[in-house]
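I opened a new notebook page for this model.

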Amino acid sequence: MKEFNLSARVYYEDTDAGGVVYHARYLAFYERARTELLRQLGISQHKLLQESIAFVVKKMDISYHFPARLDDLLTINSKVDQIRKASIIFKQTIINENNQVISSADVIIACVDITKMKPCGLPKSLVLEFI
């Protein structure tokens with residue numbers, strides 16, 4: 001399945017008063033990496049929205065192994081683990097400059113019809129990009 005790496009620097013806005021990345025900021029790092037993976041595959045979320053299709057996080061299981069700190073350069077790795085009829089399962093990790101996994105996440109993204117706010121099948125063209 002497809003895999004993608006995104007580099008991100010930890011900025012002051014990402015940290016608490018002690019210079020450690022605030023736990024909720026990891027969600028943003030993971031989200032950006034999934035979005036950039038789609039972009040790399042030529043999948044426009046803007047175009048999908050025009051077709052009344054959106055992706056929503058259905059479930060996310062995050063583990064925090066080590067802290068990320070101010071000015072760290074992180075690599076966010078995203079792998080498509082499984083494609084289902086109306087969802088995509090991602091395995092994601094955040095790795096620091098010492099090649100240490102500092103966080104890992106299993107994420108289920110559901111495909112929804114935004115006019116009905118109900119699950120819908122993944123577009124076939126999108127599924128073909130992941131194979």
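My entries on these topics follow.

**Entry: model.** I am working with a predicted model.

**Entry: largest pocket.** I looked up the volume first. The largest pocket holds about 200 Å³ of space. Then I listed its lining. Leu 41, Gly 42, Ile 43, Ser 44, Lys 47, Leu 48, Glu 51, Pro 123, Ser 125, Leu 126 and Glu 129 line this pocket. I sorted the lining by class and got five nonpolar, three polar and three charged residues.

Which helices supply at least two residues each of the lining? I found helix 2 (45-50) and helix 3 (124-130). Helix 3 gives the largest share, with three residues.

**Entry: nonpolar patch.** Leu 49, Ile 114 and Met 117 make a nonpolar patch of about 290 Å². I placed Leu 49 in helix 2. Its relative accessibility is 45%, so I log Leu 49 as partly exposed.

**Entry: Lys 116.** I found Lys 116 in the loop between strand 5 (101-113) and strand 6 (118-119). Lys 116 counts as exposed because its relative accessibility is 58%, and the cut-off for exposed is over 50%.

**Entry: salt bridges.** How many salt bridges does the count come to? I got four.

I noted Asp 14 with Arg 25, where the closest N and O atoms are 2.7 Å apart. This pair links distant parts of the chain, eleven residues apart: Asp 14 sits in the loop between strand 1 (3-9) and helix 1 (25-40), and Arg 25 sits in helix 1. Is Asp 14 buried or exposed? Asp 14 has a relative accessible area of 1%, so I log it as buried. Arg 25 has 22% and is therefore partly exposed.

Next came Arg 34 and Glu 31, which form a salt bridge at 2.5 Å, N to O. They are three residues apart in helix 1, so about one helical turn separates them. Arg 34 is buried at 5% relative accessibility, whereas Glu 31 is partly exposed at 35%.

I also logged Glu 36 with Arg 39, whose closest N and O atoms are 3.2 Å apart. Why are these two separated by about one helical turn? Because they are three residues apart in helix 1. Glu 36 is partly exposed, at 27% relative accessible area. Arg 39 is exposed, at 53%.

Terms used. Residues numbered from 1 in each chain as written. Predicted model: local features only at pLDDT ≥ 70, side-chain atom pairs only at ≥ 80, totals over all residues. Heavy atoms only, no water. 1 Å grid on protein atoms, 1.4 Å probe; cavity = no way out; pocket = protein on both sides within 12 Å on 5 of 7 lines; lining within 4 Å. Points joined across faces, edges and corners; volume = space filled by probe spheres on them. Helix = DSSP H or I, 4+ residues; strand = E, 2+ residues; numbered from the N terminus. Nonpolar A, V, L, I, M, F, W, Y, C, P; charged D, E, K, R; others polar. Patch = residues over 30% accessible without salt bridge, like charges linked within 9 Å, V, L, I, M, F, W, Y side chains within 5 Å. Areas by Shrake-Rupley, 256 points an atom, 1.4 Å probe, with all protein chains shown as cover. Salt bridge = Lys/Arg side-chain N within 4 Å of Asp/Glu carboxyl O. Buried < 20%, exposed > 50% of the residue type's maximum accessible area, 1.4 Å probe, protein only.
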